[in-house]
Amino acid sequence: MSLKHTMLGATALTFVAAGGAFADGHVSELTIAIVNNGHMINMQTVAEAYTEETGVKLNWVSLEEGVLREQVTSDTATGGGQYDIINIGMQEAPIWGQAGWIEPLNFSDDYDVEDILPAMRGGLSADGTLYAAPFYGESSMVMYRKDLADAAGVAITDNDSWENITAAAAAMHNPDAGVYGACLRGKPGWGDNMAFITTVVNSYGGAWFDAEMKPVLDSDEWNAAINMYVDLLGSYGPPGSEGNSFNEILALYNEGKCGMWIDATIAASFLEVDGVAYAQSPNAGNPVGANWLWAWAMAVPAGAPHAEASMDFIEWATSKEYIQAVGNHPDFGWGSVPTGTRASTYAIPEFQAVAAFADAEMKAIESAAPQATDIKPYVGVQFASIPEFPEVGSAVAQEMAAALSGAKTVEEALEDAQSAADAIMREAGYY
């Protein structure tokens with residue numbers, strides 16, 4: 001069943017209480033579903049001060065990215081009521097908001113919603129209404145070991161060609177020393193391997209759908225992009241790349257095992273090795289869509305019994321004050337503040353002093369292009385902003401992982417991906 005069909009049946013939902021309440025009506029606890037990425041994990045520690053101030057106990061449910069998406073989508077669509085607050089992103093927020101799955105957000109004037117970067121605010125809104133508040137935002141860029149590149153006699157530049165990126169990976173590749181030229185996402189998931197792969201396809205001039213919203217995964221552009229990706233990672237990536245996504249590669253990078261990593265700009269906050277430099281994402285002649293746009297954000301399921309208390313927490317957790325709390329926290333500091341959300345963060349002197357990646361990150365965010373174009377007739381960079389995309393993207397992700405592992409040829413994988421995507425879009429009634 002497509003997500004569109006699920007939405008049509010989810011207009012009248014009965015929610016059970018996820019959080020608790022004291023006898024006087026004061027909310028005693030909130031249950032929050034979060035993705036198990038670094039900034040979200042850090043929030044659990046920083047938010048201890050929130051509990052001390054308000055008395056509200058916070059129950060955290062921390063899940064791997066793909067599992068989080070499945071559980072939150074199922075629970076929110078069916079009115080399961082497990083969570084008071086959920087982590088969602090730009091793909092879901094506008095669609096779920098318009099469908100009535102999540103509550104519009106209303107914050108105090110002190111929140112300063114205008115300080116949120118326009119790209120983030122726009123991507124989490126529908127018809128001018130904000131439905132999710134960004135906890136951190138990101139684009140994608142190249143993060144590479146300049147010390148290894150210099151030693152190998154290669155240079156990586158902004159908006160480099162894939163040919164040069166491949167040559168740099170080859171030059172830095174030294175598996176006998178435990179160093180792999182390129183570490184890239186391969187783990188199947190519409191927000192895992194397909195986030196990166198879609199930007200590669202975009203850079204080759206490809207798209208998910210044509211003007212009639214028919215899948216075009218059997219195009220020359222997809223074939224060229226996937227062959228390059230499979231060859232690059234198969235020749236110069238770590239073994240088992242079909243099992244690696246953000247967290248796995250972050251661990252590899254911090255162990256000194258990656259020459260370069262093209263991934264979320266937010267990763268720069270967590271890099272612990274020396275010699276890291278940054279460059280804007282490479283492309284194969286089309287820079288539009290070569291770097292993605294995303295925010296992990298916080299939303300309140302529609303009808304949730306503690307909506308007001310949930311919004312109070314979200315307002316605190318996505319505020320300027322929260323940034324200061326992380327920056328001044330003894331366990332974290334200014335190099336660990338969540339970025340990509342507020343313009344004011346980039347003007348803080350303490351942050352500027354430790355964030356060597358800040359300019360590259362902002363340049364990537366500002367150059368991301370989610371709008372529809374002549375090449376792609378849909379909104380979204382690394383995703384398509386339609387209800388069916390998670391189903392389509394997940395099906396295609398499995399095929400791309402099969403090509404990467406060698407279980408299928410690229411041509412076989414693309415043929416099967418095209419068939420799967422076509423069946424989903426036909427069932428959804430697009431044509």
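Biologist: In which helix is E411 found?

Modeller: Helices are DSSP runs (H or I, at least four residues), numbered from the N terminus. E411 belongs to helix α17, residues 410–427. Please note that this is a predicted model, in which local features need pLDDT of at least 70, side-chain atom pairs count only at pLDDT 80 or more, and totals for chains, interfaces and linings use all residues. Residues are numbered from 1 along each chain as its sequence is written, and side-chain values use heavy atoms, with hydrogens and water left out.

Biologist: Is E411 buried, partly exposed or exposed?

Modeller: Buried means under 20% relative accessible area, exposed over 50%, and partly exposed in between (1.4 Å probe, protein chains only). E411 is partly exposed because its relative accessibility is 42%.

Biologist: How many aromatic pairs does the structure hold?

Modeller: Rings of Phe, Tyr and Trp (its six-membered ring) pair if their centres lie within 6.5 Å; planes under 30 degrees apart count as stacked, over 60 as edge-to-face and the rest as tilted. The structure holds 22 aromatic pairs. The planes of W208 and F209 meet at 35°, with ring centres 6.4 Å apart, so this pair is tilted. Both of these residues, W208 and F209, are buried. For W316 and Y322, the centres are 5.2 Å apart and the planes at 85°, so the pair is edge-to-face. W316 and Y322 are both buried.

Biologist: Where does M213 lie?

Modeller: M213 lies in the loop between α9 (193–203) and α10 (220–236). Its phi is positive, about 65°, although M213 is not a glycine. M213 counts as buried because its relative accessibility is 11%.

Methods. Helices (H or I, at least four residues) and strands (E, at least two) are DSSP runs, numbered from the N terminus.
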